[in-house]
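Subject: Structure handover

Hello,

Here is the structure we talked about handing over. My notes on what was found in it come after the file.

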Amino acid sequence: VDACQTNVTVVFELTGRLALNYRPYSGEEVSRQSSEKHLLVKAKTDDVSNLLLRLFSYGASCRVISPKFVQDEMKEKVAHLLEHMTAASQLSITTQ
């Protein structure tokens with residue numbers, strides 16, 4: 001299963017200021033958790049890749065709960081970014 005799958009319900013948690021100010025997109029259901037600074041969102045989507053890009057932009061304020069393939073895809077994006085940043089910083093060190 002990959003991020004191109006359609007008709008998927010993705011559950012994610014938002015925290016901090018983002019949770020307090022979040023405005024749901026079309027196809028999303030929102031529920032507050034025990035604290036006002038935690039928000040659980042269920043998003044029905046036909047475009048998981050596009051949703052992942054949006055969630056990725058939320059940084060540490062967002063955590064994918066389910067399904068597992070979406071969690072895995074998000075982890076891969078983070079790992080790729082970290083790898084890219086590490087390589088860039090090493091290149092910077094060797095050129096100085």
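Arg54 is buried in this predicted model, because its relative accessible area is 16% and buried means under 20%, with exposed set at over 50% and partly exposed in between (1.4 Å probe, protein chains only). Arg54 sits in helix α2, residues 48–57; helices (H or I, at least four residues) and strands (E, at least two) are DSSP runs, numbered from the N terminus. Its side chain and that of Tyr58 are joined by a polar contact of 3.1 Å. A polar contact here is a pair of N or O atoms within 3.5 Å; within protein, one must be able to donate a hydrogen and the other to accept it, and residues adjacent in sequence count only if both atoms are side-chain atoms. Leaving aside neighbours within four places in sequence, Arg54 is in contact with Tyr22, Tyr25 and Glu28, where contact means heavy atoms within 4.5 Å.

On conventions: the model is predicted, so local features need pLDDT of at least 70 and side-chain atom pairs count only at pLDDT 80 or more, while totals for chains, interfaces and linings use all residues. Residues are numbered from 1 along each chain as its sequence is written, and side-chain values use heavy atoms, with hydrogens and water left out.

Glu28, one of the contacts of Arg54, is in strand β2. Glu28 counts as buried because its relative accessibility is 12%. The side chain of Glu28 makes a polar contact of 2.6 Å with the side chain of Tyr22, and it also reaches the backbone nitrogen of Tyr25 at 2.9 Å. Not counting residues up to four places away in sequence, Glu28 touches Phe12, Tyr22, Val41, Lys42, Ala43 and Arg54.

Now the overall fold. The protein has three helices and four strands, and from the N terminus on the elements run β-α-β-β-α-β-α. Of the 96 residues, 27% are buried. Among contacts between residues at least 6 apart in sequence, 58% join residues at least 24 apart.

The four strands form an open sheet in the order β2-β3-β1-β4, with antiparallel pairing. The edge strands, each pairing on one side only, are β2 (28–32) and β4 (62–66). Neighbouring strands of the sheet are turned by 25° against each other on average, direction ignored; axes are lines fitted to C-alpha atoms, for helices over the stretch in contact, and angles run from 0 to 180 degrees between N-to-C directions. Two strands pair if DSSP finds at least two bridges between them.

The pairs are as follows:

- β1 and β3 are antiparallel and joined by eight bridges; Val8 stands opposite Thr45 in β3.
- β2 and β3 pair in the antiparallel sense over five bridges; the bridge partner of Ser31 in β3 is Leu40.
- β1 (residues 8–15) and β4 are antiparallel and joined by four bridges; Leu14 stands opposite Cys62 in β4.

In a regular strand the side chains alternate between the two faces of the sheet.

Ser31, in β2, is partly exposed, with a relative accessible area of 34%. Ser31 touches Leu39 and Leu40, not counting residues up to four places away in sequence, and its C-alpha is 6.5 Å from that of Val41, 10 residues apart in sequence. Arg63 is in β4. The C-alpha atoms of Arg63 and Leu14 are separated by 6.7 Å, and the two residues are 49 apart along the chain.

Last, the pocket. The largest pocket holds about 230 Å³ of space. Its lining consists of Leu55, Phe56, Gly59, Ala60, Cys62, Arg63, Val64, Gln71, Met74, Lys75 and Val78. At least two lining residues come from each of α2, β4 and α3 (68–95), and α3 gives the most, with four. On a 1 Å grid over the protein atoms alone, a pocket is an open set of points where a 1.4 Å probe fits, with protein on both sides within 12 Å along at least five of seven lines; lining residues have an atom within 4 Å of a point. Grid points are joined across faces, edges and corners, and the volume is the space filled by probe spheres set on the points.

Regards
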